[in-house]
Amino acid sequence: MDFKIDPRTLTSPATQSKLDKKTKDLESLRKSSQEFETLFVMEMFKAMRKTVPDGGLFEKNQSTEIFSEMLDMERARATTQGKGLGIGEAMYNQLAHLIEKRK
């Protein structure tokens, strides 16, 4: 019998835990960069809303202000789902190599 074992397929528990940690860190980075993009877009919507003059059908009070903020947050989440604007993806691409280089 001739057994051939490829050393590249063998991983020690220490190596496996490092790979798992890197995978978790990359996943966490992807989630954080998408959340950052969502917050950025929400702030952009908030700034855009400030440029609209007051007035209109409804008077402006605290409840309409809260509703507007909640609506902006949901619009920002919907805008950044999937590929989004690309801000989060660019941020992930710039920072992912730092995690991959870690020993």
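Let's start with a pair of side chains: Asp25 and Lys21 meet in a salt bridge, with N and O 3.4 Å apart. The term salt bridge here means a side-chain nitrogen of Lys or Arg within 4 Å of a carboxyl oxygen of Asp or Glu. Asp25 and Lys21 are 4 residues apart in helix α1 (residues 13–50), so about one helical turn separates them. Lys21 is partly exposed, at a relative accessible area of 48%. On that scale, buried is under 20% relative accessible area, exposed is over 50%, and partly exposed is in between (1.4 Å probe, protein chains only).

A word on what you're looking at: this is a predicted model, where local features need pLDDT of at least 70, side-chain atom pairs count only at pLDDT 80 or more, and totals for chains, interfaces and linings use all residues. Residues are numbered from 1 along each chain as its sequence is written, and side-chain values use heavy atoms, with hydrogens and water left out.

Zooming out, the chain has 3 helices and 0 strands, giving the pattern α-α-α when read along the sequence. Helices (H or I, at least four residues) and strands (E, at least two) are DSSP runs, numbered from the N terminus. Of the chain's 103 residues, 17% count as buried. The accessible surface comes to about 8,800 Å², and 59% of it belongs to carbon and sulfur atoms; these areas come from the Shrake-Rupley method with a 1.4 Å probe, and for residues only the protein chains shown count as cover.

Back to the charges. Side chains of opposite charge can pair when their charged atoms come close. A search of the whole structure turns up 5 salt bridges, among them one between Asp72 and Arg49, at 2.8 Å from N to O. This one links distant parts of the chain, with Asp72 in helix α2 (residues 62–80) and Arg49 in helix α1, 23 residues apart. Asp72 counts as buried at 5% relative accessibility, while Arg49 is partly exposed at 36%.

Helix α2 also holds Glu74 and Arg77, which are 3 residues apart and therefore separated by about one helical turn. Glu74 forms a salt bridge with Arg77, and their closest N and O atoms are 2.7 Å apart. Glu74 is partly exposed at 44% relative accessible area, and Arg77 is partly exposed at 40%.

Now for Ser33, which has its place in helix α1. Is Ser33 buried or exposed? Ser33 is buried, with a relative accessible area of 2%. Its side chain reaches the backbone oxygen of Arg30 at 2.9 Å. Leaving aside neighbours within four places in sequence, Ser33 is in contact (heavy atoms within 4.5 Å) with Gly88, Met91 and Tyr92.

Tyr92 turns up again with Arg30, whose charged end sits over the Tyr92 ring, 3.8 Å from the ring centre. For a charge to sit over a ring, NZ of Lys or CZ of Arg must be within 6 Å of the ring centre and within 35 degrees of the ring normal.

Phe40 has its place in helix α1 too, and counts as partly exposed at 41% relative accessibility. Its C-alpha atom is separated by 9.9 Å from that of Thr80, 40 residues apart along the chain. As for contacts across the chain, among those between residues at least 6 apart in sequence, 91% join residues at least 24 apart.

Definitions and conventions:
Polar contact = N/O pair within 3.5 Å; in protein donor to acceptor, adjacent residues only side chain to side chain.
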